[in-house]
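Good morning, everyone. Please have a look at the structure on the screen, and I will take you through a few of its elements one after another.

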Amino acid sequence: MYGFGIVKSLFLALKHFFITYWDDLKFGRKRYKTQEGIAHRSSKDARGIFTIQYPEEKLPSPEEFRFTPFLLYEEGPNGEKSERCTSCGICAKVCPPQCIWIVRSMDPVTGKPIPAPAEFYIDVDICMNCGSCAEYCPFDAIKMDHDYELAVYDRRYTLYDKAKLLKPVSYYASIRPTNYEQEEKARKEAEAAKAAAKAAKAAPSA
Amino acid sequence: MSEQIPTTPPNPILAHFPDSVTIDERKGYSGYIVKPETLIGFASFLRDKLGYDYLSSITGVDYYPEDKLEVVYHAFKSTGGSAVVFKTQTPRENATVPSLVPLYTGAEFQEREAWDLFGIRFEGHPDLRRIMMWEGFAGHPLRKDWREPFFEEDVKPYKSRSPEGHAYRIEDKNPFHNNVAYPAGFDPTTLTDDSETLIYAGLAKAVHPDGTLKTDSVVINLGPQHPSTHGVFRMAATLDGETIVDLKPVMGYLHRNHEKIGERNTWVGNMPYTDRLDYLSQMSNNFGYAITVEKLTGAKPPERAEYLRVIMAELTRICNHLMAIGTLINDLGVYFTGMLYALEERELILDIFEAVTGARMMNNYFRFGGVVRDLPEGVLERIKGIVFERLPRKIDELDIYVTGNEIIKERCLGVGVLTPEQAISCSVTGPVLRASGVPYDVRRAEPYGIYERFDFDIPVRYHGDTYDRYLIRMDEIRQSTCIVQQAVTSIPEGPVLAGKPQYIVRVPPGESYGRVEGPKGELGFYIVSNGKPNPWRYHVRAPSLINLTPLAAMCRGHKIADVVIILGSIDIVLGETDR
């Protein structure tokens with residue numbers, strides 16, 4: 001019958017409308033602004049209303065989520081910071097839009113380069129959030145951040161310097177627990193292998 | 001590349017053209033080198049005698065050190081199989097090559113592009129205007145000696161970044177005016193931009209037979225800022241009343257010279273840029289670039305990576321078609337209800353992309369010889385939940401919502417008909433081609449990856465109208481769901497990347513053309529390597545651009561409101577059209 005297709009379409013839209021309110025009654029208050037409600041509304045079983053009411057509600061970022069890069073430092077027992085970066089420059093080489101700038105440290109006495117960055121800049125205006133720097137860094141010194149709320153009033157604040165980029169390893173462990181564990185495990189294994197090799201080398205001569 | 005034609009003596013091409021055609025014997029190259037004067041004869045022999053009726057890609061290469069320009073053609077059979085590659089060479093000064101538009105209509109935009117970006121003049125082209133830049137633009141940007149404003153170095157990585165990388169913003173150090181090279185004796189008052197006049201001059205006027213009421217032809221512009229064009233795309237049309245008399249697509253508003261950027265980039269550094277071509281089907285773009293480079297490097301992805309690639313590419317196809325259908329319904333005037341139903345499903349798939357790759361759209365997931373990382377814990381179950389439980393149900397729902405709706409039928413049936421002959425001659429690919437009754441899909445015509453292992457159909461529709469182009473996308477969503485279902489159940493364990501992650505890839509010298517069936521059509525990449533860490537030539541055969549070739553023919557005689565849905569049914573993304 002002509003026009004029946006339209007009626008079916010309209011009925012479907014009506015169904016969606018009612019399901020939203022039906023699920024509101026079914027789940028009650030926990031449907032909104034709770035982790036559980038957000039997780040349900042973005043799962044395969046979601047029905048009815050689908051939107052997440054940003055900024056009151058926020059979708060949880062998955063572990064692999066990447067935004068801008070940041071630099072890691074280890075916290076010493078007395079609060080001293082030791083940067084992981086050795087200023088090898090691989091991140092600046094792989095960066096596709098070339099937004100990383102590194103100044104290598106020089107020893108003031110001998111004038112020779114030392115493995116630490118004197119300055120480290122990232123122009124987050126240019127950064128394309130591709131994650132190549134974190135992927136190819138051999139020292140796990142640069143990682144991708146989860147913080148996506150970067151709006152500032154002036155463009156001069158988008159050129160991040162070392163002070164702005166440095167974040168503690170504990171922060172990294174909190175946003176990417178699985179990756180952190182894997183890296184720590186690999187690092188310990190590598191150190192153990194190195195120690196074993198050193199011991200094996202030292203043994204015959206002793 | 002050309003297995004179908006033997007290169008040994010009983011070669012029909014060499015036998016027919018003993019003097020003017022030679023085999024390309026440079027290391028890493030294949031195909032034939034044709035003298036410009038025999039190009040037309042060669043192409044018609046190829047099309048009429050050997051059945052290579054589908055000219056996929058035309059592009060130029062600037063061999064600057066040898067002072068010559070080369071035009072590279074890739075022709076295929078519309079029944080499947082590998083390419084015949086032929087080239088013709090011309091000096092850089094006054095570069096002229098005969099046009100192939102009389103034989104293959106699909107050459108039109110690509111030859112205009114080669115003229116615009118390389119300055120190769122195609123003699124016999126009916127409408128040889130610049131396509132991306134404006135008339136009066138100085139120089140041809142893809143020539144190797146052309147330098148852009150804010151030029152820093154020929155190739156990345158730039159030396160100024162490390163170890164003495166004192167950051168600066170380029171516009172502070174090098175303000176505008178100091179970074180542009182003007183031609184000698186340049187006078188801005190004499191600058192002419194006759195792009196507009198040329199566009200309007202080329203438009204046909206309404207012809208009224210005697211005895212009918214005579215009305216003026218009205219020229220109107222749809223776009224570049226128009227919600228129906230899905231981006232910055234413009235159509236200049238002449239109208240007779242409400243009927244379209246003639247129409248010209250105008251593009252280039254989003255042109256950023258992706259190919260020049262690609263030639264500055266390193267091989268790996270180019271991967272995230274491919275995401276930004278067709279930003280609704282990022283994984284397919286990654287896939288195409290990865291297999292093209294792998295053809296030269298010989299890297300072989302492990303089994304699990306091959307499965308992951310197929311899963312991701314097919315999920316992308318579902319995303320893209322949902323978006324295409326959603327926006328088509330929107331163009332028809334069903335404001336946002338239907339579109340948001342489609343977007344809900346796309347959103348769930350983007351959540352998966354985000355969990356796997358770290359980004360919803362700009363995935364940067366493929367590498368040469370595999371993919372970046374394995375699926376995190378629990379993601380495989382989520383994909384299974386979507387493709388086994390949710391998508392089949394929701395696609396049926398969308399089907400009920402749209403397919404039977406009489407208003408949509410009235411608007412779409414018989415609108416914008418594209419015949420199979422037209423489609424093949426215009427080098428149209430993807431759903432648009434298959435909706436016209438040509439069962440051509442690169443996944444079957446020249447399989448790549450592990451597509452031979454999966455059981456799926458290539459949907460074909462036979463009317464070639466807007467409604468069929470909608471239906472074929474519905475069919476393809478179902479087929480892609482089916483492929484992902486098979487892939488997630490049979491995916492093996494194992495590594496996902498062959499060898500160690502490398503940021504400097506050694507690509508042996510040579511050329512390579514790789515193509516994948518993107519959601520919009522055949523996405524081809526043509527690369528030339530000279531063994532350096534950067535591509536010498538990097539070309540994208542963009543389906544969104546070439547599928548626009550028959551737009552004017554499809555729109556003629558229809559009402560102005562139909563133009564919007566005809567364009568919507570072709571499904572273009574301007575990031576890829578303009579590059």
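In what order do the five strands of the open sheet in chain B stand? Before I answer, please keep in mind that what we are looking at is a predicted model. The order is 1-2-5-4-3, and the pairing among these five strands of chain B is mixed. Strand 1, residues 21-23, and strand 3, residues 54-63, of chain B each have a single partner strand, so they stand at the edges, and one side of each is left without a neighbour in the sheet. From one strand to the next, the twist averages 25°.

Let us stay with strand 3 of chain B for a moment, which pairs with strand 4, residues 68-76, of chain B in the antiparallel sense over nine bridges. Tyr63(B), for instance, has Lys68(B) in strand 4 of chain B as its bridge partner.

Now to the helices that go with the sheet. Helix 2 of chain B, residues 39-49, packs on the sheet and touches strands 1, 2, 4 and 5 of chain B, and its direction makes about 170° with that of strand 5 of chain B. Helix 3 of chain B, residues 107-118, lies across strand 3 and strand 4 of chain B, and runs at about 5° to strand 3 of chain B.

Finally, I would like to turn to helix 9 of chain B, residues 303-332, whose 30 residues reach 44 Å from the first C-alpha to the last, close to the 44 Å expected at 1.5 Å a residue. Helix 9 of chain B is mostly covered, with 28 of its 30 residues buried, and just after this helix Gly333(B) takes a positive phi of about 105°.

Conventions
Residues are numbered from 1 along each chain as its sequence is written. Chains are lettered from A and ligands numbered from 1 in the order in which they are written. This is a predicted model: local features need pLDDT of at least 70, side-chain atom pairs count only at pLDDT 80 or more; totals for chains, interfaces and linings use all residues. Helices (H or I, at least four residues) and strands (E, at least two) are DSSP runs, numbered from the N terminus. The expected span of a helix is 1.5 Å times one less than its number of residues. A residue is buried if 20 or more other C-beta atoms lie within 10 Å of its own, exposed if 12 or fewer, and partly exposed in between; C-beta atoms are placed from the backbone. Two strands pair if DSSP finds at least two bridges between them. Axes are lines fitted to C-alpha atoms, for helices over the stretch in contact, and angles run from 0 to 180 degrees between N-to-C directions. Two residues are in contact if their C-beta atoms, placed from the backbone, lie within 7 Å.
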